Amino acid sequence: LFRSRPTEETWRIKKRLEDEVQRRQQLETEIKTTQSEILQLQSQKPQETVVKKELVKKVPDPVLEDEYYKIQNRVAEEERKNKSLQGELEALKLKIRAME
């Protein structure tokens with residue numbers, strides 16, 4: 001009974017580590033997708049409108065700009081979460097090394 005308890009705890013910690021690694025990979029994928037969206041939005045040119053005097057005036061699309069800033073905020077949030085998860089993952093790895 002005494003030997004099984006550390007083994008169970010080691011298994012739980014290893015399982016938690018696997019879960020955290022999977023979550024980190026998921027976050028990395030989401031961050032790459034979001035960064036790709038940002039690059040796509042940055043490469044789009046503002047819409048042009050024609051005024052009666054044939055004057056062409058570039059007017060930024062407020063919806064597009066709003067979406068751009070929302071995506072930028074999501075990237076910042078995802079990067080913050082990933083950094084936090086990375087710290088937790090390192091702590092778990094150290095704990096596993098100490099138990100082995």
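K70 and D66 sit 4 residues apart in helix α2 (residues 62-99), so about one helical turn separates them. In this predicted model, their side chains meet in a salt bridge, with 3.3 Å from N to O. D66 counts as partly exposed because its relative accessibility is 39%.

A second pair in helix α2 follows a related pattern. R80 and E77 are 3 residues apart in this helix, and therefore about one helical turn lies between them. Their side chains also join in a salt bridge, here with an N to O distance of 2.6 Å. E77 is partly exposed, its relative accessible area being 32%.

The closest N and O atoms of the K15 and D19 salt bridge are 3.2 Å apart. K15 has a relative accessibility of 36% and is therefore classed as partly exposed. D19 is likewise partly exposed, at 36% relative accessibility. A search of the whole structure gives 6 salt bridges, and the pairs described here are among them.

At its N-terminal end, α2 is capped by D61, which places a side-chain oxygen 3.1 Å from the backbone nitrogen of V63. Which residues of α2 are buried? They are Y68, I71, V75, E78, N82, L85, L89, L92 and I96.

T34 belongs to helix α1 and is buried, with a relative accessible area of 1%. The cut-off for a buried residue is under 20%. Once neighbours within four places in sequence are set aside, T34 is in contact with I71, R74 and V75.

R23 is found in α1 and is partly exposed, at a relative accessible area of 32%. Its C-alpha lies 9.1 Å from that of N82, although R23 and N82 are 59 residues apart in sequence.

With a relative accessibility of 19%, T10 counts as buried, because the cut-off is under 20%. T10 and K95 are separated by 85 residues in sequence, yet their C-alpha atoms are 9.3 Å apart. T7, another residue of helix α1, is exposed at 51% relative accessibility. The sequence separation between T7 and M99 is 92 residues, while the C-alpha to C-alpha distance is 9.5 Å.

How are the elements of the chain arranged along the sequence? The order is α-β-β-α, made up of 2 helices and 2 strands. Among contacts between residues at least 6 apart in sequence, 76% join residues at least 24 apart. Of the 100 residues in the chain, 19% count as buried.

The average pLDDT is 81, and 82% of the residues score at least 70. Among the elements, α2 has the highest mean pLDDT, at 86, whereas strand β1 (residues 47-50) has the lowest, at 63. A word of caution applies in general: where pLDDT is low, the predicted coordinates should not be read in detail.

Key. Residues are numbered from 1 along each chain as its sequence is written. This is a predicted model: local features need pLDDT of at least 70, side-chain atom pairs count only at pLDDT 80 or more; totals for chains, interfaces and linings use all residues. Side-chain values use heavy atoms; hydrogens and water are left out. Buried means under 20% relative accessible area, exposed over 50%, partly exposed in between (1.4 Å probe, protein chains only). Contact means heavy atoms within 4.5 Å. A salt bridge is a side-chain nitrogen of Lys or Arg within 4 Å of a carboxyl oxygen of Asp or Glu. A polar contact is a pair of N or O atoms within 3.5 Å; within protein, one must be able to donate a hydrogen and the other to accept it, and residues adjacent in sequence count only if both atoms are side-chain atoms. pLDDT is the predictor's confidence in each residue, from 0 to 100.
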